[in-house]
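Here is a friendly walk through one model, going from a loop to the strands, the core and the charged pairs. Please have the viewer open as you read.

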Amino acid sequence: DYSGGGKGIIDLVFRIAFSRLQAQRTGAKIQIFAADEPFDALDSENSQRVLMVLQKMIDAGINQVFIISHSDEIVQNLPILYRATKENGTTGIERLW
């Protein structure tokens, strides 16, 4: 059995691998990669490792990486940050940095 963090890393690795495989098969380049709460069950050390992998993906040419996270530790390490809010049925998006 794997811990929650171990399962999260395995899930992320498979998603990255499948994205790369599909890109190779179609001859396309991965343009966008999105991850919803990929750091939820990870400790600080593994969260930093995942951030490094995502940065390497950007360096390799992925145009946009979207991370959905509630972790203050993670959002402090992102180069661009948007906040989405919903109030009275209206969704707002604000760029913080």
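## An exposed turn

At 76% relative accessibility, N88 counts as exposed; here exposed means over 50% relative accessible area, buried means under 20%, and partly exposed is in between (1.4 Å probe, protein chains only). N88 sits in the loop between β3 (82–87) and β4 (90–95), where helices (H or I, at least four residues) and strands (E, at least two) are DSSP runs numbered from the N terminus. Although N88 is not a glycine, its phi is positive, at about 55 degrees.

A word on the basis of all this: the model is predicted, so local features need pLDDT of at least 70 and side-chain atom pairs count only at pLDDT 80 or more, while totals for chains, interfaces and linings use all residues. Residues are numbered from 1 along each chain as its sequence is written, and side-chain values use heavy atoms, with hydrogens and water left out.

β1 (32–36) and β2 (64–68) pair in the parallel sense over 5 bridges; strands are said to pair if DSSP finds at least two bridges between them. Within this pairing, I32 stands opposite Q64 in β2. From β1 the chain passes through α2 to β2, and this β-α-β crossover is right-handed. That term means that, with the strands pointing away from the viewer, the path from the first strand over the helix to the second runs clockwise.

Which residues make up the covered face of β1, and which the uncovered one? F33 and A35 form the covered face, whereas I32, A34 and D36 form the uncovered one. In a regular strand the side chains alternate between the two faces of the sheet.

## The nonpolar core

The largest nonpolar core has 17 residues, and those with the most contacts inside it are L12, F33, F39, V50, L54 and M57. Such a core is a set of buried Ala, Val, Leu, Ile, Met, Phe, Trp, Tyr and Cys residues joined through side-chain atoms within 4.5 Å. Two or more residues each come from α1 (4–26), β1, α2 (44–59) and α3, and the largest share, 4 residues, comes from α2. In soluble globular proteins, nonpolar side chains tend to be buried together.

Not counting residues up to four places away in sequence, S47 touches F39, L42 and I74.

The S69 side chain reaches the backbone nitrogen of S71 at 3.0 Å. That is a polar contact, a pair of N or O atoms within 3.5 Å; within protein, one must be able to donate a hydrogen and the other to accept it, and residues adjacent in sequence count only if both atoms are side-chain atoms. Beyond residues up to four places away in sequence, S69 touches E37, F39, I74 and V75.

E37 belongs to the loop between β1 and α2 and is buried too, at 17% relative accessibility. E37 has a positive phi of about 55 degrees although it is not a glycine.

## Salt bridges

How many salt bridges does a search of the whole structure find? The search finds 3, a salt bridge being a side-chain nitrogen of Lys or Arg within 4 Å of a carboxyl oxygen of Asp or Glu. In helix α1, R15 and D11 are 4 residues apart, about one helical turn, and their side chains meet at 3.7 Å, N to O. In helix α2, R49 and E45 are also 4 residues apart, about one turn, and meet at 2.6 Å, N to O.

E94 forms a salt bridge with R83, the closest N and O atoms being 4.0 Å apart. Since E94 lies in strand β4 and R83 in strand β3, the pair ties together parts that are 11 residues apart in sequence. E94 is partly exposed at 42% relative accessibility, and R83 is partly exposed at 41%.

Technical notes: Contact = heavy atoms within 4.5 Å.
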